Amino acid sequence: WEIPAALAFDLGASSGRALIGRLTVEADGRRKLEVSELHRFPNYAVQVGRHLHWDILRLLHEIKISIRKTFREGYQPATFGIDSWGVDFGLLDADGELLGNPYHYRDPQTEGLIEEVNGLIGSEALYRQSGLQFMPFNTLYQLLAMKKAGSPKLQIADTLLLTPDLLMYLLTGVRVCEFSMATTTQLFHPVDRAWNTGLMEQLGIPPHLFLKPVLPGHSVGPLAPEVCRELGVPAVTGVAVGSHDTESAVAAIPAEAGPFAYLVCGTWSLLGTEMDSPLLTPEAMELQFSNEGGVGGTYQLLKNIMGLWLLQECKREWEEAGNEIGYPQLVAAAEAAEPFRSLVNPDDPRFYGPGGMTDKIRAVCRETAQPEPRNEGDFVRCILESLALRYRQALDQAERLTGYSFERLHMVGGGIQNRLLCRFTANALGRPVWAGPVEASAIGNLLVQFIAQGLCTDLNDARRLSAASFPVEVYDPPEDASEWEDEYERFCRAWR
Ligand code: LFR
């Protein structure tokens, strides 16, 4: 008897991982998901001329290495799945060949396009038919930038594939478009649950590029024969999972059915709650919440917050200046630093592009008559406290929008390894934080494969399996949270 297994590729903006998940049964009959990491590789933005790109073939190469390694180590996964960040894509020509390197979502080509499109379509009208926060990276703006630049690639493109679908195609030869990724484009109509061809035509984006979406759990097909030959592996089946990493992470949240709030914490912070259908009210637009399609056909009402990007960028800057300082030291310095010396709005648009992060933070402090951070400890403390207060604001807004009240916040993803951030978040919320699992995206990816393999019945069953398999660490708020309450008021007076 073989232990059922699945292979997950989880691609993040700074690294990719291959994890094998095995469904074991305990002596008392309870099921457990055992996960081990097989391979981890860096992922970079590569500047080429004026543009910032992903090295997609490198990612394909690392995925192939992982597949070979999986079978060499004796694992026999029946399926594999791929999840990644949202919005980015590759274009195929009529022969099915990839046209150039996909752009990185932080490429500056989309500058000014939010305003331009709002002027053309109207922000309310656009929100009602897309349900997305106006983020400069949305696929819509990327395609519009290409169109405005007269991109020859766009002119000859036959099919658009979002990153996980593109990699799946390069491995299986089969083209699909997975629903959760489709909903990150801003070109998908959340109520019709179909491509918004009317909007595409208004903007001059060719509708023929887009395939009809399939739901998470869809079986795409086996590895292509030439890939099996190259790697010396059997024809394992590709499954379209909740291919957007955020949606895979949400699928792994160890919560009971019923309203719950979560924060997926990585380079980005996504704070939200699960809904059956999108919420497209003027207030949801005003507060800039997104409605993103998820596993089980759910809609996730969530706010995209700039997240640990601020810290990652500061760290990179210090490293480039020859100051190799690790996260544990940075967090320790923050812990020792003076509390609430200065706060910033993590979603200040100037923080979005790479480079110069410490100068940007200093500038905000000067403009808002706060002292500038003097050292690493001050910077990191400022970032973590500001994030925690921003989370509180987003959670309050989510409650206002939905009428739910949340007793706690589930935090998942790599960011929860930053225990100071979890503690600050509990303090800022005045509510407990339940942290775990760390590898939520990979786990959610595996869970959807187990649903596809018929080993989990549905999303609730999958979440029960996650709860039974991974520890959760609880951070309680302090008894006296008045200092954080005062700071929260100060934060809300300055930023909405
Ligand atoms: C998180 C994430 C967010 C998306 C951002 C850019 O990794 O997928 O959900 O808004 O990356 O694609």
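Two strands pair if DSSP finds at least two bridges between them. Strands (E, at least two residues) and helices (H or I, at least four) are DSSP runs, numbered from the N terminus. The model shown in these views is predicted: local features need pLDDT of at least 70, side-chain atom pairs count only at pLDDT 80 or more, and totals for chains, interfaces and linings use all residues. Residue numbers start from 1 along each chain as its sequence is written.

**View A. Strand β15 and its two partners.** Let us start with β15, whose antiparallel pairing with strand β16 (residues 269–275) comprises five bridges. Within this pairing, A261 has T273 of β16 as its bridge partner. Three residues lie between β15 and β16, and the two strands form a hairpin. Four bridges link β15 to strand β19 (residues 409–412), this time in the parallel sense.

View B. Five of the five residues of β15 are buried, so the strand is largely enclosed by the rest of the structure. On one side are A261, L263 and C265, on the other Y262 and V264, and both faces are covered.

**View C. The seven-stranded sheet.** Follow the strands of this open sheet in the order β17-β18-β16-β15-β19-β20-β21, with mixed pairing. At its edges are β17 (290–293) and β21 (473–475), each pairing on one side only. From one strand to the next, the twist averages 30 degrees; such angles run from 0 to 180 degrees between N-to-C directions, with axes as lines fitted to C-alpha atoms, for helices over the stretch in contact. Strand β20 (residues 433–435) runs antiparallel to β21, joined by three bridges, and V433 has Y475 as its bridge partner in β21.

**View D. The nonpolar cores.** A nonpolar core is a set of buried Ala, Val, Leu, Ile, Met, Phe, Trp, Tyr and Cys residues joined through C-beta atoms within 7 Å. The largest has 137 residues, and those touching the most other members are Y262, L263, V264, L271, M411, V412 and L447. Helix α15 (residues 376–402) gives the most to this core, namely 13 residues. A second, separate core has five residues, among them Y105, F134, M135 and F137.

View E. Strands β6 (residues 79–84) and β14 (residues 237–240) are parallel, with three bridges, and F80 has G238 of β14 as its bridge partner.

**View F. Around the ligand.** Which residues come nearest to the ligand? Of the 13 residues around the ligand, they are W85, G86, V87, T246 and W268; a residue is near a molecule if its C-beta atom, placed from the backbone, lies within 6 Å of it. By class, this shell holds six nonpolar, six polar and one charged residues. Ala, Val, Leu, Ile, Met, Phe, Trp, Tyr, Cys and Pro count as nonpolar, Asp, Glu, Lys and Arg as charged, and the others, Gly among them, as polar.

Note on methods
A residue is buried if 20 or more other C-beta atoms lie within 10 Å of its own, exposed if 12 or fewer, and partly exposed in between; C-beta atoms are placed from the backbone.
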